[in-house]
Amino acid sequence: MSLPLNTENLQLLINLIPEEKISFWKRVFEQFDVDNSKTLDVAELGEVIHSMGCRQSEKQIPMAIATITGSQDTHIVNFEQFLALMQLDLLGISTLPGLVTEAAPPAITEPIQITYFIDILCIWAYIAQIRIDELKSRFKNQIVINYHFVSVFGDARHKLENRWRDRGGLAGYSNHVQEVVARFNHLSVHPEVWKNVTPHSSTSSHLFLKAIHLLESKGLIESKGTQSCCETAITALRQAFFQDLQDISHRKVQWSIAEALEFPISQIQAEIDSGAAYAELSRDFQEVKDYNVTVSPTMIFNEGRQRLNGNVGYRVMESNIRELISNVPGEASWC
């Protein structure tokens, strides 16, 4: 069939879908949108269809896309068009022979939720980021990394001056950081780090990041790559301090970073001024207590039943995730 699927017809189809079904298909769409393009191409849509136990020919899926878009030259569908495609089959207007969406739902599983506590000024969390990036690349939509903040450097200057007083003070701590980083070949830090520029606190940066996360969760800003907006800001803050020796506890430095990332400064400020970002950060502080988090980084799995603290190797992280993914529902994990 050929359907003139203009905006009005598209919305009429979507209006027929119950809210819980829309949420379900949204999770399906995001799981199979492996390149995070906000669209499904022929291959990705084919994976959705095949997960339902159907085996369409190479020609049938492009034909289905053409049916829903009205164009033979288009080989992708956005989320609304994907919803319409599913709804047409529910109405008995089959665009893909053999596909019955109610009787054969796709084999989608909820992603593994990972609660990841860091302090933005923690060198160990900076070192570990490459492992987090690899986990995301390896497991894609099978995992979700939820960033939370633990206040290891909440009173950074006072803490370091006192704890390192007998070991060379801030210069001694700087040397320690240099020695730690020298053991890894994927990053570097400025030779004067912590000496000439010593942020008062990581809390200001954490508040800034919470405001960005709130804007992202509301759909007011969007990521431009594989990193979330919050992750992009984390990367920029670390770069600014560890390599460029900028005081990232200072708001003007944060605004400079936001401007460089093309994030709306006024909206970030509004989330801070309203108290919303403070509330988010306060919830992190409560979770730190609930989970008894004392170090950065700390990775929490399986609703707190499993945790990895500090400088943990990639293969250990990966094995925990693989065990949770393959674990039979109701069966205790061996990890």
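**Close-up views of a predicted model**

**View 1. Surroundings of Ser201.** Ser201 touches Leu121, Phe153, Gly154, Ala156 and Ser249, not counting residues up to four places away in sequence. The model shown here and in the other views is predicted. Ser201 is found in the loop between helix H8 (169–181) and H9. The side chain of Ser201 comes to 2.7 Å from the backbone oxygen of Gly154. With a relative accessible area of 15%, Ser201 counts as buried because the limit for a buried residue is under 20%.

**View 2. Ser204 in helix H9.** Ser204 belongs to helix H9, which spans residues 203–217. Ser204 is buried, its relative accessible area being 18%. When neighbours within four places in sequence are left aside, the contacts of Ser204 are Ser249, Arg251 and Gln254.

**View 3. Phe153 and the nonpolar cores.** The largest nonpolar core has 76 residues, of which Ile123, Leu135, Phe153, Trp194, Ile268 and Met299 touch the most other members. Helix H10 (residues 229–243) gives the most to this core, contributing 9 residues. A second, separate core has 23 residues, including Val28, Ile65, Phe79 and Ala84. In soluble globular proteins, nonpolar side chains tend to be buried together. Beyond its neighbours within four places in sequence, Phe153 is in contact with residues including Asp119, Leu121, Trp194, His200 and Ser201.

View 4. The whole structure contains 1 cavity of 30 Å³ or more. The space in the largest cavity amounts to about 40 Å³. Its lining consists of Tyr116, Ala128, Pro297, Thr298, Met299, Leu308, Gly310, Val312 and Met317. By class, the lining residues comprise 7 nonpolar, 2 polar and no charged.

**View 5. The cis peptide bond at Pro297.** Ser296 and Pro297 are joined by a cis peptide bond, with omega about -5 degrees. Pro297 lies in the loop between helix H13 (276–291) and strand S5 (298–301). Pro297 is also one of the residues that line the largest cavity.

**View 6. Leu245 and Glu303, two residues with positive phi.** Leu245 is not a glycine, yet has a positive phi of about 55 degrees. Glu303, likewise not a glycine, has a positive phi of about 55 degrees. Leu245 is located in the loop between H10 and helix H11 (251–260), whereas Glu303 is in the loop between S5 and strand S6 (306–309). Leu245 is buried, with a relative accessible area of 17%, while Glu303 counts as exposed at 70% relative accessibility.

How values were computed: Residues numbered from 1 in each chain as written. Predicted model: local features only at pLDDT ≥ 70, side-chain atom pairs only at ≥ 80, totals over all residues. Heavy atoms only, no water. Helix = DSSP H or I, 4+ residues; strand = E, 2+ residues; numbered from the N terminus. Buried < 20%, exposed > 50% of the residue type's maximum accessible area, 1.4 Å probe, protein only. Contact = heavy atoms within 4.5 Å. 1 Å grid on protein atoms, 1.4 Å probe; cavity = no way out; pocket = protein on both sides within 12 Å on 5 of 7 lines; lining within 4 Å. Points joined across faces, edges and corners; volume = space filled by probe spheres on them. Nonpolar A, V, L, I, M, F, W, Y, C, P; charged D, E, K, R; others polar. Polar contact = N/O pair within 3.5 Å; in protein donor to acceptor, adjacent residues only side chain to side chain. Core = buried A, V, L, I, M, F, W, Y, C linked by side-chain atoms within 4.5 Å.
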